[in-house]
Each structure stands twice: as C-alpha cells, then as structure tokens.
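The stops below are given in the order in which to select them.

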Amino acid sequence: MPGAPSDTNIKARWLVPMTGEAVLEHHTLVLRDGRIVDVLPDAEAAQRYAPRVLLERPGHLLMPGLVNARTSLAGAAQSHFPPEHFPSETGLVSIANLIKAGTTCFCDVGYFPNEVARLAASQGLRAAIGLPVAEHPSAWAQNAAEYLSRALRLRDEYKGHPSISVSFAPVRPAEIGDATLARLSVLVNELDAGILLALHESQDDVEQSLERHGVRPMERLDRLGLLTPALTAAYALALGAQDLDLARRAGIGITLCLASGLLRGAGLPPISALSSLRLGLGTDGATAGASQDLWTEIKLLALHAPATTPAGVLAAATRGGAGVLGLEAEIGTLEAGKWADICCLDLGGPATLPLSDPLRQVVFSGGRDLVSDVWVAGRQLLCEGQYTRLDWPDLAARLRAGAPRAISGDFV
C-alpha cells in the first residue's frame, strides 16, 4: 500500500529536535502544509510516507531555525529618518544575513514596525514586531496618544497572521511618564499582549531611572504592573540582588545581547543568576549592523556559561528565543504539529571535521558558512547555500552602484 502523502521528507545524518539533549541519527523530518507531521527513523519514514519531494542531506544536521530575539533592521539612527523613508535596502541586507545564518524568526524593535512586517512577510521570514510606545516625536508618531493608537491599529491589522506577531515595545522607558506606562499596563492586561523593552541596559540606565523616578527600573515596572510573565526584557545588566528577586518572582523573559554589552563597555549580565528564567539571544541591531550574527551570541554564551551544555546553549537560540517571544507553542523545536521552521547545517567541511561531538562543534564552529538550507513554514528560503526567494544578485548590484538608498514602495 502507498504511504500517507507528505509534501517534503528531509533525511539527515543527525537531527536535533531541541526538546532535550537528544541527537537523533539517520532520522527523517516529514512536512505537510507547512508543519511538521512526524520525526522518525529513515526506514520507517520510507514505509509510512509518500513525499512529493525527498531531500537527502547525508552529512548534515537538522535543527530548529535560530530565533533572533532582539534586533532592528533599520539600524540605530532610524528615529531621525523621515516617515516615508524606510531604508529598505539596509533591511533587505539584514534579511539576507538572517536567512544565510539559519535564522527563521526575528524580533524587530524600532520606529518602522509596519515596513519591517511587510518586508519580513514578503521574504517569507517569521517576525515578532515591536510596536513602539514613547512620548518623544519620531518617524512613527509625535506623542504618546498617537503611538498607542497607531500600535493598536497595526495590532489589529496583523491579528491572526500566520508569520507576523506583535507586542508593545516601550522605547527608552526611563523617558516615558508613569501615566503612559500605566495606560500601557491596562492595555496589556485587557488584550493579553506581550511587552518588549530594554531593561537595565547599563549602569547609566539605572542611574537615570533613580534620578527621574526615585527607583531602579525593575522596581518601577513592578509598581506600574508591567513586571509580569508577559514582559521580555533585553540586556538585563547592572542587576542587584533585589532586581534579580523581582525578575524571578515575576517570571519575566530575558533576551541576552552579549556582544552588545561588551561592545558598549557595559559588561555582561549575570547569566548563571538568570538561568531559572526564560532566556533567548539577540544581536541588538544598534551594534550588529546588518550582519545579524546570532552565532557570535551562541559562542559568547557557551564561553561565559561553561556549566551549560551545548544543547542548552543552542536551546537559548531556538526554543528559548521562541519562549521569550511567546511563540513556544508554534516554533522552537522539531515536533509534530509545529511550524516547519528549520535550519540545516553541513558538517562535512574543515571547520567540523573530524567530527566527535556534533553539538559541541556546532556551538563553537557554527556560522553562516555551515548553513546549507533554511525552511520557514515548510517553504525553502535557502537551498544548498542559494537564496530561493530573495533576489540577491539584484540587491548586490544596487548596493555596488552606491550607498544604500531609502526606498518606499514595494520590496524585492
């Protein structure tokens, strides 16, 4: 009898579901309608399923796609851009780098949420979009009321979207008054929404909060009702014992941006003290530029948290990132029922041979040079190192012709 139909079966030498520490050998991932149907040994898959496409990756490792839990495609100076000029070429280069690095989902926090959402959707990437909330004028809004009203409209626009999710994202929270944050707290509770913000970004951030509000940032959020499991805080530097206690009791998520802290001279967060919380990794667009290199974050985490196993390090970059973005039910592991967001690594090159411990070697030797294939919701965005959807030759030609231009309108 013919097997059950499937869209794609991917046979790989190693398969890492990221549901624990297991590394499966000679297993097949079965995909149908954009989701994972089954994970089973090759021989069983051949008997039980009749795929339209069978892909064999005999020297490769399949794992969940990376989740970059904090970045900004438009870069650090975006608040000064005029509203009609989103730097689409810079955004496309970032998208190209995300895909090439095996990233299938990214969280963008900035002043161009609508444009980033459209760009991600047009290129097939999954995105968690931060809806900016502030009181200062920017390309997005002129005052707190306009920030909130525009955020609510965009939230409604993307409600139920299969690849775009949204959360509120206060910008420079120390500069936002209590009344605006209290209003945001009410909205978050009413809408069961998430919050993304920079928290304890540096010692200067703490001192600014003490000067303006008389309390440390963590305590202020707690008083305003924002310190809840719905909150994902980036950076988490300059934490005292009271801050750590509040974070643990509230059950917040933390996005570690390790390279950012080091490059800014702000140091590293107390990683071991945060280990009981949901932890993700992010590149922080202000310092990463267009490179979006989450593999650097993976190596830094491994080096500064030596007690963490290689599987635990990779978990922060996959299911951990999904968890801090509220997407753990849909992505982050290779399990039946979840979206087929997949990264495939070629372990046959000099960086990983001789191969003794696949996960350890992926952690310390991993990078975009190992990434051969990428799927998001079962759609292949990278095939044997080549883009399938993004028109890289055209984008590269435009970039070579001059500096990146700000272009409004349709994307590639």
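Start with Arg 52, which is exposed, at a relative accessible area of 65%. The model is a predicted one, and the distances below are computed from it.

**Stop 1: Arg 52 and Asp 7**

Asp 7 and Arg 52 form a salt bridge, with 3.7 Å between the closest N and O atoms. Arg 52 belongs to strand S4 and Asp 7 to strand S1, so the pair ties together parts that are 45 residues apart in sequence. Asp 7 has a relative accessible area of 22% and is partly exposed. The count of salt bridges comes to 14.

**Stop 2: helix H14**

Next, select residues 358-365, which make up helix H14. Which residues of this helix are buried? They are Pro 358, Leu 359, Gln 361, Val 362 and Val 363. To see what the buried residues of H14 pack against, show strands S1 (4-15), S4 (49-64) and S13 (342-346), along with helices H11 (294-304) and H12 (310-317). S1 and S4 are also the strands that hold Asp 7 and Arg 52.

**Stop 3: Lys 100**

Move to Lys 100, in helix H2, which covers residues 88-100. Lys 100 has a relative accessibility of 24%, so it counts as partly exposed. Beyond residues up to four places away in sequence, Lys 100 touches Arg 368, Val 371, Leu 382, Gly 385 and Tyr 387. Two of these deserve a distance label. A polar atom of the Lys 100 side chain lies 2.5 Å from the backbone oxygen of Gly 385. The charged end of Lys 100 also sits over the ring of Tyr 387, at 5.2 Å from the ring centre.

**Stop 4: Tyr 387 and Trp 392**

How many aromatic pairs does a search of the whole structure find? It finds one. That pair is Tyr 387 with Trp 392: the ring centres are 6.3 Å apart and the planes are at 40°, a tilted arrangement. Tyr 387 is partly exposed at 22% relative accessibility, and Trp 392 is partly exposed at 33%.

**Stop 5: helix H15**

From there, select residues 392-400, helix H15. The side chains of Asp 394 and Arg 398 meet in a salt bridge, 3.1 Å from N to O. These two residues are four apart in the helix and therefore separated by about one helical turn. Asp 394 is partly exposed, with a relative accessible area of 33%.

**Stop 6: Arg 172 and Glu 175**

Another salt bridge links Glu 175 to Arg 172, where the closest N and O atoms are 2.9 Å apart. Glu 175 is partly exposed at 31% relative accessible area, and Arg 172 is partly exposed at 39%.

**Stop 7: Trp 140 and Arg 150**

Select Trp 140 and look at the face of its ring. Arg 150 lies over that face, 3.8 Å from the ring centre.

**Stop 8: Asp 205**

Finish in helix H6 (residues 203-213), at Asp 205. Is Asp 205 buried or exposed? Asp 205 is buried, yet has no salt bridge. The nearest side chain of opposite charge is that of Arg 264, 8.6 Å away, whereas a salt bridge needs nitrogen and oxygen within 4 Å. What the Asp 205 side chain does reach is the backbone nitrogen of His 200, at 3.1 Å.

Technical notes:
Residues numbered from 1 in each chain as written. Predicted model: local features only at pLDDT ≥ 70, side-chain atom pairs only at ≥ 80, totals over all residues. Heavy atoms only, no water. Buried < 20%, exposed > 50% of the residue type's maximum accessible area, 1.4 Å probe, protein only. Contact = heavy atoms within 4.5 Å. Polar contact = N/O pair within 3.5 Å; in protein donor to acceptor, adjacent residues only side chain to side chain. Phe/Tyr/Trp six-rings, centres within 6.5 Å; stacked < 30°, edge-to-face > 60°. Lys NZ or Arg CZ within 6 Å of the ring centre and 35° of its normal. Lys, Arg positive; Asp, Glu negative; His and termini not counted.
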